[in-house]
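Work through the following exercises with the sequence and the model side by side, and try each task before you read its solution.

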Amino acid sequence: MPDPIVQIRDLTKLYSHGELEVTALDHVTLAIRENEFVALMGPSGSGKSTLLHIIAGLDRPTSGDCLVRGINVGDLSETALAEWRNNHIGFVFQTFNLIPVLTAYENVELPLLLTKLSARERSEHVIAALALVGLSDRVRHLPRQLSGGQEQRVAIARALVTDPTLVVADEPTGNLDAHSAQEVLRLLQLLNQQAGKTIILVTHDPKAAAFAQRTIHLEKGQLLNGTGQPL
Amino acid sequence: MTIPGFILRNAFRNKRRLILTVLSVALSLFLFTTMQTALHELTQPPTSEAAALRIVVRNKVSLGNVLPAKYGPRLERLPGVRHVMKLTWFGGIYKDRANFFPQFAVDAPQLFPVFSEAEIAPKEVQDFVKEKNACVVGIKTMERFGWKIGDRITLQGTIWPCDPELIIRGVYRKGIDMTNLFFHHEYFDELMGNRGWVGTYWICAENAGGIPDLVERIDRTFANSDAETKTETERAFQLSFVSMFGNIKVLIGSISTVIVFTMLLVAASTMSMAIRERSREIAILKTIGFDGWQIFGLILAESFGLAAAGGLIGCFGAAILFRHLDIYSLSHGVLLKLEVTPSILAAGLTVAAFLGIVSCLVPAYSSIQTSVVVGLKELD
C-alpha cells in the first residue's frame, strides 16, 4: 500500500470573531495515500473547506500538524509557503476563477511564470495540459468566450500544469449544469486513474463523491466513522 | 506571456479608466512643468559673459526713486569701471495700453558697449547714435507691430509728462530681451526740461573678480548723500525686480505642492479602486503561488507605469508645446519664452514616479496583508 502523502495529526482550527471563538476543526487525524481520490463531504460549516485550505497551505492550523510529503506545511514562512503551493498544489475552485483579461492559454501558463522554465518549455506544458482537458481548440479564447464547463476545464488545466503533488478541488461542480459537472468529475477521475494524481474533492453532493475512491465525512469539525459517529 | 505582459494586460483591462488616469496625471505634470518653467524664467534670467560684468546702481530707497545725473561722471572715474550708462524706465503707451512693451531712455553711445551680446548691424548702431530722436527696437516688438527701419512712432508718457517722437534706426536680434525699445537719454532729458534725473546706472566692470569690491565702493561713495545708492549685480537686480511681484517662489511652490498632493489623492483613489476590484484575483494569484511581495511588485509596476506614462506625456508635452508657441505674445510680454530645462524635466518625472509609488503603497500593502482564505471568501 502506498505511503500517506497527506498526514493530519490532531489538527484543530479555531476562528476568533471578537470574543466569540468558533471551532472549525476539532482534533482531526487523517491520512491520504498517494494516488488516492478522496471526497470530503459534510454540510455547510462542517469544516471541509477549512481542512482543504490547510492541506493546500492557504491557511494555518491553530494546533496539530499537517504534513504533505513529510513537510509540515504550518511551519513554512509565507514566502516559502507560496513557493510550496506553486510546486505542490493544484487548486480548482467552484467559481473557476480564471483571470478575465487572459486567454485560456495564458491562464494556464500563469503558474509557470513563477518557474525557471523557458518560454518554449512553458508552451509545451500548457499545450499538453490543455490537450489533457480536451481544449486544444480553445487556447486563444478569453474566459467570457467559453462555457462554464470549458472554463472549469481550463481551471483544471491550470491546476495540473505544474505537475503538482496534490490536486484539491473545492466544490468544482457547484456552478455547473449536470452534464458539465459529469464531464468535470470524469476528468478528475481520469486524472487520478490514468495520470496517478492524488485528488481531494470537497463536495456536499453524494453523486460527485461517488466518483472518488474514498469518502470522508465531516460534521461540526469532526471526522465521522461509518455509522455517522465522531471518530 | 511574460510578467511585464501580465502587468500590461492588467493595466489595459479598463481602458477608459486607464486613459482618464493617465490624462489626469499628464495634465497635472503639464501644470507642474509649466509652473516650474515660468519660475525658472522669472528667477533665472539668461546669463552671458557680458551679463556677468554688469552691475546696476539704483536709489537705495526704491526703484521708483531717481538718482542725480551728476553721479555719472563720478562713477566713470571709479577704478574698475569700463562703461557707465544711464538707463531710465519710460513706460509709455504706443497707441493703446494693450500694446505694452518695455521702453528705456539710455546713453546711446554706451548701449551696445554695455550690452555687447546684442546682435545689430554696425551701420544701424551708427545711425542710432548720431540722431537724437532715433531708437533701436528688439526684433520681437518690430515683428509684433510690423515696423520697419525708418518708421516714425510716438510714445505717450504715463510716468513722465512727455511724448517722445522717435525714428526707428536699428533692430537688434538675440542677446538681450528682444522686446525692448531704447532711445536717447539726452532726448528724454530735453523733453523733461533737463531736470537731471536718472532711473538707474548700468555699469560694465573691467573684470568679474573685482565686482564685489566695486559694488561696495560705489555704495560707500554715495553714502550719507541725499540719494544713497544700492548697487548689485545684474542678476541680483533682476531677482529683486521679480520679487516686487511678491514671493513668487513661495507662491509657485505652494501651487505646485497643491497640484502634486491633489494628484496623489486622485491616483491613490484610482489604484485603491483598481486593487479592490481585483481582490478576488489577488487571492487566486496567491493560491497558485505568487507571494505577497510578488503581488506588491505587480501592483507597484502597474501604478508606476501609469504615472510614468502620464509624466512623460505631461512633461515632454509641455516641452514640445512651449517650443512651438509664441510665449511672448501669449503672456502679453511678461515672459519672453518658456524653456523646459533638463532639470525641470527630471523634477517632473521624479514627481510622476513619486505619485506612482506612493499612490499604491497603502492599497497594495493592504492587499498583500489580506489572507488568501479571506480573499477567497470574498468571492463566494
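This is a predicted model: local features need pLDDT of at least 70, side-chain atom pairs count only at pLDDT 80 or more; totals for chains, interfaces and linings use all residues.

Residues are numbered from 1 along each chain as its sequence is written, while chains are lettered from A and ligands numbered from 1 in the order in which they are written.

**Exercise 1.** Find where confidence is lowest and highest in chain A.

Solution. Start with pLDDT, the predictor's confidence in each residue, from 0 to 100; chain A averages 89, and 96% of the residues score at least 70. Then turn to the helices (DSSP runs of H or I, at least four residues; strands are runs of E, at least two, and both are numbered from the N terminus). The lowest mean, 88, belongs to helix α6 (residues 178-194) of chain A, and the highest, 95, to helix α3 (residues 104-109) of chain A.

**Exercise 2.** Trace the open sheet of chain A from edge to edge.

Solution. The order of the 6 strands is β6-β7-β8-β3-β9-β10 (chain A), with mixed pairing, where two strands pair if DSSP finds at least two bridges between them. The edge strands β6 (89-92) and β10 (222-223) of chain A each pair on one side only. Strands β7 (residues 166-170) and β8 (residues 198-203) of chain A are joined in the parallel sense over 5 bridges, and Val167(A) stands opposite Ile199(A) in β8(A).

**Exercise 3.** Determine how many residues of chain A are in contact with chain B.

Solution. Taking contact as C-beta atoms, placed from the backbone, within 7 Å, 21 residues of chain A are in contact with 17 residues of chain B. On the side of chain A that touches chain B, α2(A) gives the most, with 6 residues.

Definitions and conventions: Two residues are in contact if their C-beta atoms, placed from the backbone, lie within 7 Å.
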